Amino acid sequence: MNMSKESNRIIIFDTTMRDGEQSPGASMNLSEKLRIAELLEELGVDVMEAGFPIASDGDFEAVNEIAKVIENVVVCGLARASRGDIERCAEAVKPARRARIHTFISTSPLHMKYKLQMEPDDVHAAVIDSVSHARKFTDDVEWSCEDASRSEHDFLCRCVESAIDAGATTINVPDTVGYALPFEFGALIEMLFNRVPNIDKAVISVHCHDDLGLAVANSLIAIGAGARQVECTINGLGERAGNAALEELVMAVKTRQDSMPFSTGIKTENIIKTSRLVSTVTGFTVQPNKAIVGANAFAHEAGIHQDGILKHAGTYEIMTPESVGLVESKLVLGKHSGRHAFKVKLKELGYDLGDNAIAEAFKRFKNLADLKKDLFDEDLIALVDDTVVRVNNRIRLISLEVLCGTKHQPPTAAVELEIDGEIKSCDANGDGPVDAIFNGIVKLLPHEAKLMLYQVHAVTHGTDAQAEVTVRLEENGKTVNGQGADTDTMVASARAYLNALNKLLVKRENSAPAALSARAAG
Ligand code: KIV
Ligand code: ZN
């Protein structure tokens, strides 16, 4: 691939599983990361950053397993500018057909003085040492100057030039704190092209955060200035306000070919299903008015708009819903549908499941079909996500009975769980039915996690709609989001709480003290 400034091909570097996972609460376990990696490959990203191997054994294992199975995408791991980090990262990405080590260090006065407590000359020496060390393991090395947009230009140019001389093949310029304005960020990239003598020996990449809502705008202007790699995440997930959203960047380029004559390898019809999986796995619901992937992104409410759309879609639609993989919601199978039709339908919705998963999901589908007259695509998606996509392997709901209403005060819940293979049950009271259920769960599995968010949304319209509940728990500064779906809102609530607890257990196991300080990257 010609990746120079003259090429019009943009490399899409996805960091959903690294920077995206750094969103508070957005933890992903190994099997979830493997599913996301497969979909990213299908989507056509060029590089996937699968994790930060030194951060925890879980991160290492995820990068390593992804490196073993992904065939057509560069698999990348992140490492600080230390030999230990780089060696751990090299080991994790080793099985990949195309492996990249991404090493970084801060170059801004603020970060060097307070975070690193290092002199600029020592930072410069670390750049050379880290890049040369990484090159011993792979010839695909990316170097990032963290907090580049607040760095002094002379020092930045000196570090970039030395990183390229030391063997970096990609130079990534992050707007780590989402501080830059588009005209400044474009000028920064132009300045590097004008002042760094060996700049043509590397691909220039950008990595923008969305603290001021400018991540996509900054990435686009950087492309105009010569950047040929953009780092982004599905649904704009990422540290704090998130990273540039992949779907927004790609669709902006595709839709505005008149002023952005560039191409990407993204098969845009796969955007919606990838977005959905990331949302399900992380428990981060996509806001309805989110560009490209929000539920309202292609909905027209005002009469005058609907009238225009009927006369000519182009009046109010700048891209088609089909181009991002949005197919009209259809009435789907009913209670007499067989397993084969069910399997075909799931395939159509983008799920490629094994026989055991199909059998489990089919059982729940039959129960749902008995309860709900009209079944829509959204019902199947919620059901399958709840049955087989979310991993609840330590704690499972066996049964739940709730008594509430004006004649049952206080509300009570009889909760039966399977915890690590052992069945346990109890009765509990609460201020309301949800409180009673959650108190019951705490009785059976005592823990200190605080409930930070409880949210219900109806999957479809109608009072027989399935409820999808999101629960956020926080324990010692770690947050997790859990989700659950059911036609019974109380059952969905219990499932969501248990999903969050299952994730918390994984997070507890995965976070050694070293992991927390390794999370210094933005
Ligand atoms: O935001 C940032 O600076 C980062 C780097 C590690 C690339 O995430
Ligand atoms: Zn970042």
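This is a predicted model: local features need pLDDT of at least 70, side-chain atom pairs count only at pLDDT 80 or more; totals for chains, interfaces and linings use all residues.
Colour residues 11–282 as domain 1, residues 329–388 as domain 2 and residues 395–510 as domain 3.

Next, keep domain 1 and domain 2 in view. Their centres, taken over C-alpha atoms, lie 37 Å apart. Where the two domains meet, domain 1 contributes 4 residues to the contact and domain 2 contributes 6 residues. Together, domain 1 and domain 2 bury about 440 Å² between them, and carbon and sulfur atoms account for 45% of that area.

Now select Arg35, Arg276 and Thr280. These three residues supply 82% of the area that domain 1 buries against domain 2, more than any other three residues.

Stay on this interface and look for polar pairings. Across the interface of domain 1 and domain 2 there are 2 residue pairs in polar contact, both at pLDDT 80 or more, but 0 salt bridges are found there. Then show helix α10, residues 271–282, which gives the most to the side of domain 1 that touches domain 2, with 3 residues. By residue type, that side of domain 1 has 3 charged residues, 1 polar residue and no nonpolar ones.

For the last stop, select helix α2, residues 57–69, and pick out asparagine 64 within this helix. Is asparagine 64 buried or exposed? Asparagine 64 has a relative accessible area of 12%, so it counts as buried, the cut-off being under 20%. To see what surrounds asparagine 64, show Glu91, Ala92 and Pro95, which it touches when residues up to four places away in sequence are not counted.

Key: Residues are numbered from 1 along each chain as its sequence is written. Chains are lettered from A and ligands numbered from 1 in the order in which they are written. Side-chain values use heavy atoms; hydrogens and water are left out. Domain bounds come from an automatic or database domain assignment. Contact means heavy atoms within 4.5 Å. Buried area is the accessible area (1.4 Å probe) that two parts lose on being put together, summed over both. A salt bridge is a side-chain nitrogen of Lys or Arg within 4 Å of a carboxyl oxygen of Asp or Glu. A polar contact is a pair of N or O atoms within 3.5 Å; within protein, one must be able to donate a hydrogen and the other to accept it, and residues adjacent in sequence count only if both atoms are side-chain atoms. Helices (H or I, at least four residues) and strands (E, at least two) are DSSP runs, numbered from the N terminus. Ala, Val, Leu, Ile, Met, Phe, Trp, Tyr, Cys and Pro count as nonpolar, Asp, Glu, Lys and Arg as charged, and the others, Gly among them, as polar. Buried means under 20% relative accessible area, exposed over 50%, partly exposed in between (1.4 Å probe, protein chains only).
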